[in-house]
Amino acid sequence: MLFASGGFQVKLYDIEQQQITSALDSIRKEMKSLEQCGALKGSLSAEQQLSLISGCANIAEAVEGAVHIQECVPENLELKKKIFTQLDGLVDDRVVLSSSTSCLLPSKLFVGLAHVKQCIVAHPVNPPYYVPLVELVPHPETSPATMDRTHALLRKIGQSPVRVLREIDGFVLNRLQYAIISEAWRLVEEGIVSPSDLDLVMSDGLGMRYAFIGPLETMHLNAEGMISYCDRYSEGMKRVLKTFGPIPEFSRATVEKVNQDLCLKVPDDPGHLAARRQWRDDCLMRLAKLKSQVQPQ
């Protein structure tokens, strides 16, 4: 949907024809709905964008003439390696081979490929239509041109790519996310705060300002610049950080406690979860629209 919104012709490939058929049907419904509520991305109409998307059950036909290939199979290293080995034997020296993996290292994912200089991880954030960030993570042998081309392409379709300068386990987003989850879990497990109040700390506190500015700029603005902030607060931060505990075990007892608390708000059956996800996506859509309308000072 994102690539089509930028006017690019898109081919979907899967080993199961029903997956392709279902995807095309879902895309049609979603684009029509987005158009009706004025949230469709790009300058083309829904019908024009839909005309750019087709399905293909033959991988060689799917990648013929492609300038960019985005792999989105399940998070299984051997499966992904199998796909890239297939692609490696089909493509020329011009196409970018990109993976959507959220944490598999490029050095393990692209090992032994002839076209490794054209390989890169382009990790989108769920749901990518509403959250524009994409992490670009190179293999040690990825060429600068591959990084530049992918960055430019993603900017063209309205995404916000960031360059991770070298691979690291978890990349950047998940390392930050896991740090938050880790401390959140310890605070709940140790009886410091309830699960519902913990989520409020983020949704009605940190999350509100982090939706517009990151933690480093927050520090910069909470004093007379970064130097002033660190002069004032670094000792206090170090004192608190020393009290952080070990990596949580995510024990069954705590998992059940957190789940029970969350189910009071959102029961964990498919219907309620789907409705809550739709509410989340609607909020993200409104937030993205607001951010585009309010220019920074």
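Reader: Why is Phe171 called buried?

Author: Happy to explain: in this predicted model, Phe171 has a relative accessible area of 1%. Buried means under 20%, exposed over 50% and partly exposed in between (1.4 Å probe, protein chains only), so Phe171 counts as buried. Phe171 lies in the loop between strand 7 (160-163) and helix 8. Helices (H or I, at least four residues) and strands (E, at least two) are DSSP runs, numbered from the N terminus.

Reader: What makes phi of Phe171 worth a remark?

Author: Phi is near 55° there, a positive value in a residue other than glycine. Phe250 also has phi near 55° and is likewise not glycine.

Reader: Which residues does Ser45 touch, leaving aside neighbours within four places in sequence?

Author: Those are Glu35 and Leu40, where contact means heavy atoms within 4.5 Å.

Reader: How do you know how helix 8 and helix 9 are placed?

Author: Helix 8 (residues 173-189) and helix 9 (residues 195-210) pack at about 145°, and their axes are 10 Å apart. Axes are lines fitted to C-alpha atoms, for helices over the stretch in contact, and angles run from 0 to 180 degrees between N-to-C directions. In helix 8, Ile180, Ala184, Leu187 and Val188 meet Pro195, Leu198 and Met202 of helix 9.

Reader: What classes of residue make up that contact of helix 8 with helix 9?

Author: There are seven nonpolar residues, no polar ones and no charged ones. Ala, Val, Leu, Ile, Met, Phe, Trp, Tyr, Cys and Pro count as nonpolar, Asp, Glu, Lys and Arg as charged, and the others, Gly among them, as polar.

Reader: Where is the cis peptide bond of Pro127?

Author: The bond runs from Asn126 to Pro127, with omega near -5°. Pro127 is in the loop between strand 5 (119-124) and strand 6 (133-138).

Reader: Which conventions apply to these values?

Author: Residues are numbered from 1 along each chain as its sequence is written. Local features need pLDDT of at least 70, side-chain atom pairs count only at pLDDT 80 or more, totals for chains, interfaces and linings use all residues, and side-chain values use heavy atoms, with hydrogens and water left out.
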